[in-house]
Amino acid sequence: YPTDSSEHECHLAMIPTHILPKNTTDLHSSEYWIGDTGATTHLTNDKCCMINTKVAKRKDYMMMGNGQWTKADLVGDILGTVHNYQSGEPMKVHMKGVTYSKDAHYNLFSITTMINKGWKLQGTADALILTNKGQKIEFNVKVSTPRGTLFCMLIKRNRQQEADKYTKTLCKKAEQVLCMTPRLQPISIDKAHAMFGHMSEKRTR
């Protein structure tokens, strides 16, 4: 998702045509994302620039477009920068709810997830485009396959310092909360009984 309303209005930065992916093998790069209407969540096999991570549960497993389930290892957010082979400026994005799986072969951007969040999908012979309240996500890097075409976009993982800073800030906040939490003080059995209106240990005996 674009990080603010000003950035999404920019065009995307130029990518030299000689490094554009020519086949699915080139898409094993951690920076190319395939627009996928079959994936139930965003999926990656690279933890670079991930924040807010948590260990995945069974409910986080993913169904792929071929009907197969993929095991999830972590769930979190990714900080990145969208680039494109067309002219313009780069666009910072914060992808939320991304599943990391070491078994994944490609990065999949779940179009279904975005539609469920209110985004609208449009398509031409040159691109798939998601729009929502003036924001736009465009998959216009085309990769031919034996049975059709994949529409992709490039999200560079070049914000690791921001990710590290974000994580350190969260850790400090967590430490502050722990320091402010009052510690439990041990009390005697007789005092506990008195607090709950029970007879003392001596009277009970």
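**A buried charge, then the rest**

Mentor: Start with Arg157, which is buried yet has no salt bridge. The nearest side chain of opposite charge, Asp46, is 4.2 Å away. Keep in mind that this is a predicted model.

Trainee: Which side chain does Arg157 join in a polar contact?

Mentor: That of Thr44, at 2.7 Å. Arg157 also touches Ser30, Glu31 and Trp33, among others.

Trainee: And where does Arg157 lie in the chain?

Mentor: In the loop between β13 and α2, the helix at 160-180.

Trainee: Back up a bit. How many helices and strands are there?

Mentor: The protein chain has four helices and 13 strands. It has 205 residues, and 38% of them count as buried.

Trainee: What about the nonpolar core, which residues have the most contacts inside the largest one?

Mentor: Trp33, Phe109, Leu130, Ile137 and Phe139, in a core of 21 residues. Elements giving two or more residues to this core include β6 (74-83), α1 (111-116) and β10 (128-132). β7 gives the most, with five residues.

Trainee: What does Phe139 touch?

Mentor: Among its contacts are Trp33, Phe109 and Leu130, which are also on the list of residues with the most contacts inside the core. Phe139 touches Asp126 as well. There is also a second, separate core of 16 residues, which includes Leu27, Ala39, Ala56 and Leu108.

Trainee: New topic. How many salt bridges are there?

Mentor: The count comes to five. One of them joins the side chains of Asp73 and Lys102, at 3.2 Å from N to O. These two are 29 residues apart, with Asp73 in the loop between β5 and β6 and Lys102 in the loop between β7 and β8.

Trainee: Are Asp73 and Lys102 buried or exposed?

Mentor: Asp73 is buried, at 17% relative accessible area, whereas Lys102 is exposed, at 54%.

Trainee: Which residue does Lys92 pair with?

Mentor: Glu162, with the closest N and O atoms 3.6 Å apart. Lys92 is in strand β7 and Glu162 in helix α2, 70 residues apart. Lys92 is partly exposed at 33%, and Glu162 is partly exposed with a relative accessible area of 33%.

Technical notes. Residues numbered from 1 in each chain as written. Predicted model: local features only at pLDDT ≥ 70, side-chain atom pairs only at ≥ 80, totals over all residues. Heavy atoms only, no water. Core = buried A, V, L, I, M, F, W, Y, C linked by side-chain atoms within 4.5 Å. Buried < 20%, exposed > 50% of the residue type's maximum accessible area, 1.4 Å probe, protein only. Contact = heavy atoms within 4.5 Å. Lys, Arg positive; Asp, Glu negative; His and termini not counted. Salt bridge = Lys/Arg side-chain N within 4 Å of Asp/Glu carboxyl O. Polar contact = N/O pair within 3.5 Å; in protein donor to acceptor, adjacent residues only side chain to side chain. Lists of a residue's contacts leave out its neighbours within four places in sequence.
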